[in-house]
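This report covers side-chain packing and cross-links in one predicted model. Please keep the coordinates open while reading.

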Amino acid sequence: MLWPFVFAAFAAAPQFTDIAADSRIAYITDNGFDGKRKYFPQPLCGGVAVLDFDNDGKLDLFFTNGATFPDLKKTAGFQHALLRNKGDGQFEDVTAKAGLTGESLGYSLGVAAADFDNDGFTDLFVANAGPNTLYRNKGDGTFEDISAAAGLGKPDGVLSVQGAWLDYNNDGLLDLVVSNYTVWTAAGDRRCVREDNVNFYCHPKTYPAVPHRLYRNMGGGKFTDVTEAAGLGKAKGKGMGIAIADMNGDNWPDIFIANDTEPNFLFVNRGDGTFQERGLAMGVAYDDAGATVSAMGADARDYDNDGQPDIFYNDLINQVWGLFRNLGRTFRYTSLTTGLAVLSTPYSGWSAGFVDYNNDGWRDIYSANGDVDNLRANAEQHDTLFENQAGKRFVDVSSQAGPHFARKGFQRGSAFADLNNDGWLDIVVTSIGRKPAILRNSGTPGMHFVSFRLTGTRSNRDAIGARVKVTTASGRALYDQLSPSVGFLSSSTKVMHFGLGAEERAASVEVRWPSGAVSRMEAPAVDQVHALTEPPAP
């Protein structure tokens, strides 16, 4: 089955245009700061998920929001937002109709979107300062909060930041890993004040590290906490972004968690239901100087097209964003050799990810930027786009990418998707105190792509964990692994997108499904999205 596209007129060079003003969007990312007292979670606000919640072929947007302090209530102005894509460049607010305002949730952070019950409709997990929330998509345009019965409980007071879906045991049911930051309550919040009586957000070392959690999907809307049994309980961190990929090529999904001021974790899947934390042994726990940083957003993609997923995280100003090249059994820190060290140190990055913005076949790096607090002279920052030069170096093309990249603020969550079905990846980004930006990519003349929408039959329906290899007509190989967990607080498209550059033909595509099944398609037509279904068991 092919999904044809009608292409819009391209600009002379890739440009991102913010089209949010074309829609009536009431949502503003509000972290509850009243101009006086600063509470510890307030910098962590504004998650975004891309999903087609009504299965009409157009990608919709869901945003999480903060709450009032210290009572943590979602009064007017703090509600979540579900924006339905109308297909004409505009979005319609259907939050209340869908049952997703979230009044009872308190302060919310990250969101993860996937079809956990394999019914064909995308569900939502929301990480909160209080109990976490699981919304089941009922398939009629509404969602049902099934948190109480789902078994996703956590210790009292644990502040959760992000969730990520994966099928860690390859049983066809999507499991959930949650990055936790610390133990925090509004009543126990520490107030940090300078000598001149100016409030500031307390340093992460003020609060204790905690274990992240893993929940096994048992089917029927039920989960079991397997944190201890799976080997995650002994490792305590301050979790931020999560990246999922088969890091060592053994056909089992592994988990990378970026930790703030603590060593990063790489939980390697042993294939028997357990994980081993090997961040230090595999070279991703620290930077090249052996230091911890304030790691924020995370992604795992193949930036050099060698067939192995690499790891990226961003962090705060005057720190170096971390890029780690996968060598098979270990990783090599390549921030210095790729030029990323010089490019990144002026910025405080939050959400981030690999995105081939110009369809040249090399994954570039986008980062949503802005400092933690408003006390530094350059606290408000613009976002950055670093172009990948054939897997060797990155160059800053932010100034050429459109007006949004000159706008300064406190950006937080971001997601990538082709929102208008024109073959170019767009970006959605939140900013504290502002409406979100919906950045439409105008594209580059003469550049082509091929994309795939996967449906599992023996694997999980979303095919999360599938590995795809595209071979171009010239013999160039491009690789990716399906995981919507990208960046910080956010969830990106499940459509697998490959830029082909100027090549007008693709030779083949090979899909290795999580079940182990392999399918192949010869000469897939370019500039189209192909719907591929996992072959049945022999």
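C192 and C202 are both buried; buried means under 20% relative accessible area, exposed over 50%, and partly exposed in between, with a 1.4 Å probe and protein chains only. The two form a disulfide, with their sulfur atoms 1.9 Å apart. The cut-off for a disulfide is a pair of cysteine sulfur atoms within 2.5 Å. A disulfide is a covalent bond between the sulfur atoms of two cysteines. The structure holds 1 disulfide. The link of C192 and C202 is right-handed, with 110 degrees about the S-S bond. C192 lies in strand β13 (residues 192-193) and C202 in the loop between β14 (199-200) and β15 (210-211), so the pair ties together parts that are 10 residues apart in sequence. Helices (H or I, at least four residues) and strands (E, at least two) are DSSP runs, numbered from the N terminus.

C45 is in no disulfide. C45 is buried, at a relative accessible area of 0%.

## Basis of the model

The model is predicted: local features need pLDDT of at least 70, side-chain atom pairs count only at pLDDT 80 or more, and totals for chains, interfaces and linings use all residues. Residues are numbered from 1 along each chain as its sequence is written, and side-chain values use heavy atoms, with hydrogens and water left out.

## Nonpolar cores

A nonpolar core is a set of buried Ala, Val, Leu, Ile, Met, Phe, Trp, Tyr and Cys residues joined through side-chain atoms within 4.5 Å. The largest has 35 residues. F125, L134, W165, L454 and V470 touch the most other members. Strands that each supply at least two residues of this core include β7 (108-114), β12 (175-183), β34 (448-455) and β38 (506-512). A second, separate core has 23 residues, among them L44, A129, A186 and L489.

What does W165 touch, not counting residues up to four places away in sequence? Its contacts (heavy atoms within 4.5 Å) include A112, F116, F125, L134, F223, I244 and I464.

## Aromatic pairs and charges over rings

Rings of Phe, Tyr and Trp (its six-membered ring) pair if their centres lie within 6.5 Å; planes under 30 degrees apart count as stacked, over 60 as edge-to-face and the rest as tilted. The count comes to 25 aromatic pairs. Y27 and F63 are stacked because their ring centres lie 5.0 Å apart and their planes meet at 25 degrees. Y27 sits in the loop between β2 (16-18) and β3 (48-51), F63 in strand β4 (residues 60-63), 36 residues apart. Y27 is buried at 4% relative accessibility. F63 is buried at 0%. Y303, F312, W321, F354, F386 and F394 form one aromatic cluster.

A charge sits over a ring if NZ of Lys or CZ of Arg is within 6 Å of the ring centre and within 35 degrees of the ring normal. R37 sits over Y39, 4.5 Å from the ring centre. R412 lies over the face of W350, at 3.8 Å.

## Two polar side chains

A polar contact is a pair of N or O atoms within 3.5 Å; within protein, one must be able to donate a hydrogen and the other to accept it, and residues adjacent in sequence count only if both atoms are side-chain atoms. S147 is in helix α2 (residues 147-150). S147 is buried at 19%. Its side chain reaches the backbone nitrogen of L134 at 2.8 Å.

R393 lies in strand β30 (residues 393-396) and is partly exposed, at 44% relative accessibility. A polar atom of the R393 side chain lies 3.3 Å from the backbone oxygen of T337.
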